[in-house]
Amino acid sequence: MKKEKQASGTPKARPAAKKVGATAGTGAPKPAASKKENPLKSAPTDAAPVEAATASKGAAAGGARFEPRIVAFVCEWCGDGQEADGANGPGAGGTAVRFVHVMCSGRVQPSMVLKAFELGADGVIVCGCRPGKCHYYFGNERQAEMFETSKKLVSLLGLEADRLRLEWIPGPDGRTLGAVLDEFTEKVRRVGPSPLRK
Amino acid sequence: MKELIEAIKLTGARLCLDCGKCTAVCPVARTNGSFSPRKTVANAVAGDEDALKDDTIWHCLTCRLCSERCPSDVDYVDLTRLARADAYKDGKEAQCSHGSAFQLLMRIMTAPELKQQRMGWVTPDLKIAEKSDWLYFVGCIPYFDAFFEKLNVNTSEIARSTVKLLNAVGIEPVVMPDERCCGHDLLWGGDIENFKMLARHNVEKIKATGATKIVSACPECVTTLKVYYPEFVGALPFEVMHLTELLDKHVASGALKFRKNSKRVTFQDPCRLGRFLNVYEQPRNLLKAICGDSFKDMRRSRNSSVCCGTSGWMNCGIHSKAIQTGRLTEARRTGSDLLATACAKCKIHFMCAMNDTGFPEESKIEVEDLAVLLASSLVK
C-alpha cells in the first residue's frame, strides 16, 4: 500500500480511513444508506464492495471470523512511517485499522475517544511517544492523565476495558506500531462487536 | 424558515415592545456586547432570516431572566430552543469546551444494548429497594465525578446524600442501573432526535419499575422530565419533584430534624429550579432549618438570581468566567463562608471558575450542594 503523507499534520480524522489489511474483508457490512456519513461505516464498504458482499455471505454461512473496527490515534512523531509494518504484519490480514494522525498524543481528548466509540468502533487505541521522549516535552504525560478519564467514562458506559488502550511506541520490548496493533486487534476480536455498532 | 416563523408565533415574539429590558438584565449581554436578545427578537420579527440562524443563538444561557422581566411575556428562551433545533438540522452545533464529551456520552446512551456500570457510588449504608413507589433519578452525577476528578467536585456525594435523606424520611427508593441521561443538554443544544430516544428509554424503564413518584436532586432532570417529556413523548404516569420540595414538607411537619450549626450560608438559585419550576422557598426553608438566621440571601436572588455562567456545556469562555466571578464575589459580599447550590452543574461551574489563575482571592468561597449539607446535619 502506498503511503500517503499528511501535509500539515493537522489533528483531524482523514476523510477516508486507510486500510491496513492486505485482504479487504470487513466486519458485518450493511447497506450504505445512512443519514449521517459515518466514516467507520462507509470507508470499508466503499473501498471494497465486492469483498464486503462475499464476507457477508461468509458470515451468513457462519464461517467468517469477526473483524473488529479499530480506531488508532497515532502521534506523528513516534508512529510516522510505521503503518506499513501494520499492513504487512502477521496478524493484520483482513482488519481495517482507521488511523487518525495527531501531532501529539496529548491532543487526544476523552471526547475524541468517545466519538470513535459513538461511531461504532470496536476498539480504540492511543499511541504516543515513550515517557521522556515527547517531542513537545509533556504531551504524553497529559495523555496519560486524560487517558485515566477516558478509561473511567468508557467503564461507566459499560464497555469492556479491553476495548481501549494506551501504548507508548516503540514499546518497552521494542515492539513496533504494527505489532502493537496486531496484538490489540486480536484482543478486541476476542471481546467481540461493540454494542454501539450501527 | 417555516419552523422559525412558527417559533416566532409560538413564543409571542411579535408582542415585543422593543423596550430592551431583556438585554439590560441578560448576564451574557453584560459581559459580551455583541449579544442582544432585544436585537435578535426585533430582527427576527422584522423578517431578517439570519437573526435566528447566526452564531449568537448559542450564546444564550437559557436562564430565563429576560422572560422574567419582559412586560409582553415574550419567551425568548423558548425561541432560542426552537431556533437551535432548526440550526442543528442544518448541521450547526454549539461549541463545547470539553470537545462535546457530554453530548457524546448522551448520544452513546441512546444505544439500546448499552449496559452501563453506573452504580459505583452506592455504598452499603444506603437503603435502596427493588420495588417501591418512589424512584430516585440520579442523572449524570457518576459521569461528572469521572470527568471532573481534578476539580474535586465529588458529585457522587450528592447522590449518596440524597438517598440518606430519603431514607431519613422513610423512603427506600428504586435506583435504575439502566437509567440514561435525561437529555436536557441535547434538547437545549437542538438535537431533538437523540433527546426523544433518551426520553422514550427513560419513560419506558421508569414505567417498568412501577414507581409513581420520581424524585431527583438535579433541577435539570426534574424540569426535563416534568415539563419537556410530556411535550415530546406524551403524558407521564408518574409525578416528578425536586428533592427540596419533598424534604420541605417533612421539615414543616416536624418529621425531619437537623442539627443546627452557625455557618454563614447563602444560596444560588439554579435557573431550572427557580424560574422554570418556581421552587424558591423550599431550599431556603431547608437552609434555615440547619443554619437559622445566619442564612443570608444575595442581592440578586430568587427570580432575579444570576445563572452560574454556563448551560448545556456550551460556550464556556471569558464571558462565562466573568459572570461566575461576579456571582461568586456577590456571594462573598453577603458575608457568607459557604455558597449552597441545588444543582450539581452550578457546583462544577463555580468550582472550575475558582480554579482559574487570576481568580480574585477575596472572592473565594466554599461551594457545596444543599443535599450534602442537609445529609451531614441529619439527627441520627
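Residues are numbered from 1 along each chain as its sequence is written, and chains are lettered from A in the order in which they are written. In this predicted model local features need pLDDT of at least 70, side-chain atom pairs count only at pLDDT 80 or more, and totals for chains, interfaces and linings use all residues, while side-chain values use heavy atoms, with hydrogens and water left out.

**Exercise 1. The elements of chain A**

Task: State how many helices and strands chain A has, and in what order they run.

Solution. Helices (H or I, at least four residues) and strands (E, at least two) are DSSP runs, numbered from the N terminus. Step one: chain A has 7 helices and 4 strands. Step two: read from the N terminus, the order is α-α-β-α-α-β-α-β-α-β-α. Step three: of the 198 residues in chain A, 51% are buried, where buried means under 20% relative accessible area, exposed over 50% and partly exposed in between, with a 1.4 Å probe and protein chains only. Step four: a contact requires heavy atoms within 4.5 Å. Among contacts in chain A between residues at least 6 apart in sequence, 81% join residues at least 24 apart.

**Exercise 2. The nonpolar cores**

Task: Identify the residues with the most contacts inside the largest nonpolar core.

Solution. A nonpolar core is a set of buried Ala, Val, Leu, Ile, Met, Phe, Trp, Tyr and Cys residues joined through side-chain atoms within 4.5 Å. Step one: the largest core holds 146 residues, and those with the most contacts inside it are A:L157, B:Y136, B:F137, B:F148, B:L165, B:F258 and B:L287. Step two: a second, separate core of 16 residues includes A:I125, A:C127, A:C129 and A:I169. Step three: A:I169 is also joined to A:P170 by a cis peptide bond, with omega near -10°. A:P170 itself sits in the loop between strand 4 (164-169) and helix 7 (177-191) of chain A.

**Exercise 3. A covered helix**

Task: Determine how many residues of helix 7 (residues 101-108) of chain B are buried, and what they pack against.

Solution. Step one: 8 of the 8 residues of this helix are buried. Step two: the buried residues of helix 7 of chain B pack against helix 5 (110-118) and helix 6 of chain A. Step three: within chain B, they pack against helix 6 (76-89), helix 8, helix 10 (184-188) and helix 11 (192-209).

**Exercise 4. The second largest pocket**

Task: Describe the lining of the second largest pocket and explain where the pocket lies.

Solution. On a 1 Å grid over the protein atoms alone, a pocket is an open set of points with protein on both sides within 12 Å along at least five of seven lines, a cavity is a set of points where a 1.4 Å probe fits but cannot get out, and lining residues have an atom within 4 Å of a point. Grid points are joined across faces, edges and corners, and a volume is the space filled by probe spheres set on the points. Step one: the second largest pocket contains about 710 Å³ of space. Step two: 25 residues line the second largest pocket, and B:H98, B:F147, B:F148, B:K150 and B:L151 lie nearest its centre. Step three: helix 6 of chain A gives the most to this lining, with 5 residues. Step four: domain 2 (101-242) and domain 3 (249-376) of chain B both contribute lining residues, so the second largest pocket lies between them; the domain bounds come from an automatic or database domain assignment.

**Exercise 5. The largest cavity**

Solution. Helix 4 of chain B supplies the largest share, 3 residues.

**Exercise 6. Loop residues of chain B**

Task: Decide whether B:A342 and B:D73 are buried or exposed.

Solution. Step one: B:A342 lies in the loop between strand 5 (338-341) and helix 17. With a relative accessible area of 1%, B:A342 is buried. Step two: B:D73 lies in the loop between helix 5 and helix 6, and at 63% relative accessibility B:D73 counts as exposed. Step three: B:D73 has a positive phi of about 60° although it is not a glycine.
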